Amino acid sequence: MPAKPTLLAPSILSADFTNLKVSIELAEKAGADWLHCDVMDGVFVPNITFGPFIVQAINQCSDLIIDTHLMITDPDRFIEDFIKAGSDQITVHLEACPHLHRTIQFIKSLGAKAGVSINPATPVSLLEPVLADLDLVLLMSVNPGFGGQKFIHGAVRKIAALDAMRMELNPELVIAVDGGITEENASLVVAAGADALIAGTAFFRAPDPIAAARKLKGLE
């Protein structure tokens, strides 16, 4: 049985915001599968990025899946706004949701796919009660808040542990990894069980983003 192709999701956070449409066209030309939108509130993480209006702008100039990662406190307040703006997938943080199952069901009730993310210090075992309800798990391989950080190698063991869990509880689950992904470590991450790679610096700031995308996707 042939291996599934690796999904690539360039992170808009590393794009050229002075000409976002050109950055999106570059991602499309490079064969990106999703566009990853990092939403930060300056509370849950020490940075502030953007709101639904940027997602709406992206949606107006691309047909790619919009994968929105809410690194915010009390995400239920804004989930509907981001889905109305064009988000196809909404990922919330386990650490930010006191009623995680209810939040997951809320996302699904609005017609989007539901994902949960965990920080590097959070064990994957905490996902077990909701794993069967999820479309996506996003494992952070850096501490969230800023782009360009170095990959935390302990994430590889967590990917493998989550891969084993999904085989039992939810074989259709997509495992995505975000943080410090490079051409050098992408194959290691995929070999551990990841399906999708979130890449900001490694894609948008590469000397040749199209060539970088091929390497990240394991095509050369």
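The model is predicted, and local features are reported only at pLDDT of at least 70, side-chain atom pairs only at pLDDT 80 or more, while totals for chains, interfaces and linings use all residues. Residues are numbered from 1 along each chain as its sequence is written, and side-chain values use heavy atoms, with hydrogens and water left out. Helices (DSSP runs of H or I, at least four residues) and strands (runs of E, at least two) are numbered from the N terminus. Buried stands for under 20% relative accessible area, exposed for over 50% and partly exposed for what lies in between, with a 1.4 Å probe and protein chains only.

**Asp178**

- Asp178, which belongs to strand β7 (residues 174-178), is buried yet has no salt bridge, and the nearest side chain of opposite charge, that of Lys158, is 13 Å away; in this count Lys and Arg are positive and Asp and Glu negative, whereas His and the chain ends are not counted.
- The side chain of Asp178 does make a polar contact of 3.4 Å with that of His36, a polar contact being a pair of N or O atoms within 3.5 Å in which, within protein, one must be able to donate a hydrogen and the other to accept it, and for which residues adjacent in sequence count only if both atoms are side-chain atoms.
- Beyond its neighbours within four places in sequence, Asp178 is in contact (heavy atoms within 4.5 Å) with residues including His36, Asp38, His69, Ser141 and Ile198.

**Nonpolar cores**

- The largest nonpolar core has 62 residues, and Ile58, Ile90, Val92 and Leu162 are those with the most contacts inside it; such a core is a set of buried Ala, Val, Leu, Ile, Met, Phe, Trp, Tyr and Cys residues joined through side-chain atoms within 4.5 Å.
- Helix α5 (residues 155-169) gives the most to this core, with five residues.
- A second, separate core has nine residues, among them Ala9, Leu136, Met140 and Ile198.

**Helix α2**

- Ile54, Val55 and Ile58 are the buried residues of helix α2 (residues 52-60), and they lie on the same side of α2 because they cover an arc of only 100 degrees around the axis, the arc being that of the directions from the helix axis to the C-beta atoms.
- Phe53 and Gln60, on the other side of α2, are exposed.
- The cover over the buried residues of α2 includes α1 (20-29), β2 (34-40), β3 (65-71) and α3 (79-85).

**Salt bridges**

- The whole structure holds seven salt bridges, each defined as a side-chain nitrogen of Lys or Arg within 4 Å of a carboxyl oxygen of Asp or Glu.
- One of them joins Lys217 to Asp33 at 2.7 Å, N to O; Lys217 lies in the segment after α8 (209-216) and Asp33 in the loop between α1 and β2, so the pair ties together parts that are 184 residues apart in sequence.
- Lys217 counts as buried at 15% relative accessibility, whereas Asp33 is partly exposed at 24%.
- Arg166 and Asp163 form a salt bridge whose closest N and O atoms are 2.9 Å apart, and both residues lie in helix α5, three residues apart, about one turn of the helix.
- Arg166 counts as buried at 4% relative accessibility, while Asp163 is partly exposed at 22%.
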